[in-house]
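Open the model in your viewer and keep the selection tool at hand. The tour goes stop by stop.

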Amino acid sequence: MSLLPELRYPTVTQLVSSAEALAAHRPGLCTLRQVGVSRAGRPLRLLSVGHARRAVLVVAGAHANEPTGGATLLALAERVLRERELRTDTSWHFLLCADPDGASLHITPAPRSLLDYHLGFFRPAAEEQPEWSPAVLPPDRLPPETQALIRVIDELRPYLQATLHGTDLGGSWVQLTRDIPGLAEPFAKSAAQLHIPVETGASDAAGWSASGPGVHVMPSPGAGAAYPSMPDDARQSTWYATHRHGGLTAVVEVPMWASDLVDDPAPHPAPAAAIRRLARRLLRDGLEVERVLVDALPRLEGVDGPLLRAARWALELVPGLAADWMHTPPADNTMAYVGSVDAFGRRLPLRAAAMLLRVLRETDDRAAPRLERLVATWSDSFAERFRARWVPLEHQVEHQSRTVLAAALHARDRAT
């Protein structure tokens, strides 16, 4: 039986209903239990398949604006139930949604365009993100979602944690806390079969080593960061909690819209100059959103909430990131890397503008029409510049599923 909502990203309610149906259908193999609650009191649920001591943990919904993971999680759970060999000596555990509060605020389950996607956009500030909060908060201030995820990791001691992420526009890539030899080949083969570009110069992995195109290995603790201003550090995230049990984490990214501009390994003729131009544009765009915010703030007195906090947080990142790009030598000199930085520079002020627009619409603020025009213009420009093409949801899910299964296979061989 298939539990994937047709042509739509599943909501948390649909994820829970599907997991309940699986547990009821195979009660001898499946259990569904609550492992924590969110800040707003929403339950965090874990679906487990199989009883082997060796474990894989799959996490969906760590970022509210990356909805593919929920659909992939269901597809993986169905496949593990269907294919006995996948659970012969491995139990599989699926955290349905790491941030249900965030998921309730990102409201584009079936986006038709980048503009449609951004009109319902939400991505919380770093300290409110379950996986990232340990990088920016002391241990006694971690949100309950983070605490629950860490408890699950410590209980299961997984040899692999696969966390399902995505990007709005770009390509697919993998981030590993330790290398998984052999993963690059099946990852590349899957991407090619499904016509998904591989993001070989992902700005998220700037300066990291690669074990193959698009498969990036995080630097060891203490290594310098490519973007010194960024307040969070992946090496302090929950991704590294698996290491104390001898495991590792694979972060599997897939795009909603694809662009071949991030899959070009050719050398850029002048990468430093190009990135300086992108830094100036980032500053200009960030300032344009900042002006709207400053103008509206007196009328927003008493208004607070995750959307406004997230918009302000995104804007606060702009000056430091632009300075990094201005004054730090490029981490890579390829066309793909410059393209990825270009996308990052467009994405940050656009997201801030989109979330601020939602706040202004809720308060019927007079600045909303100005911001609406800005979000529409930037969304269209982003799509046009990168020649965006939609990746069918079934291809997003299939590629992410294949990559997780390949990572589980090769990481198991490494751990044996």
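What pLDDT does the chain average? It averages 93, and 96% of the residues score at least 70; pLDDT is the predictor's confidence in each residue, from 0 to 100. This is a predicted model: local features need pLDDT of at least 70, side-chain atom pairs count only at pLDDT 80 or more, and totals for chains, interfaces and linings use all residues. Residues are numbered from 1 along each chain as its sequence is written, and side-chain values use heavy atoms, without hydrogens and water.

Next, select Y227, V289, W325, L356, L360 and L371. They have the most contacts inside the largest nonpolar core, which has 64 residues. Such a core is a set of buried Ala, Val, Leu, Ile, Met, Phe, Trp, Tyr and Cys residues joined through side-chain atoms within 4.5 Å. Buried means under 20% relative accessible area, with a 1.4 Å probe and protein chains only. The helix α9 gives the most to this core, with 15 residues; helices are DSSP runs of H or I, at least four residues, numbered from the N terminus.

Zoom in on L356. Leaving out residues up to four places away in sequence, L356 touches V289, V292, L293, L308, A311 and L371; contact means heavy atoms within 4.5 Å.

Now show L22, L96, L183 and V215. They are among the 48 residues of another core, apart from the largest one.

Finish with C30. C30 counts as buried, because its relative accessibility is 4%. C97 is buried too, at 8%.

How values were computed. Buried < 20%, exposed > 50% of the residue type's maximum accessible area, 1.4 Å probe, protein only. Helix = DSSP H or I, 4+ residues; strand = E, 2+ residues; numbered from the N terminus.
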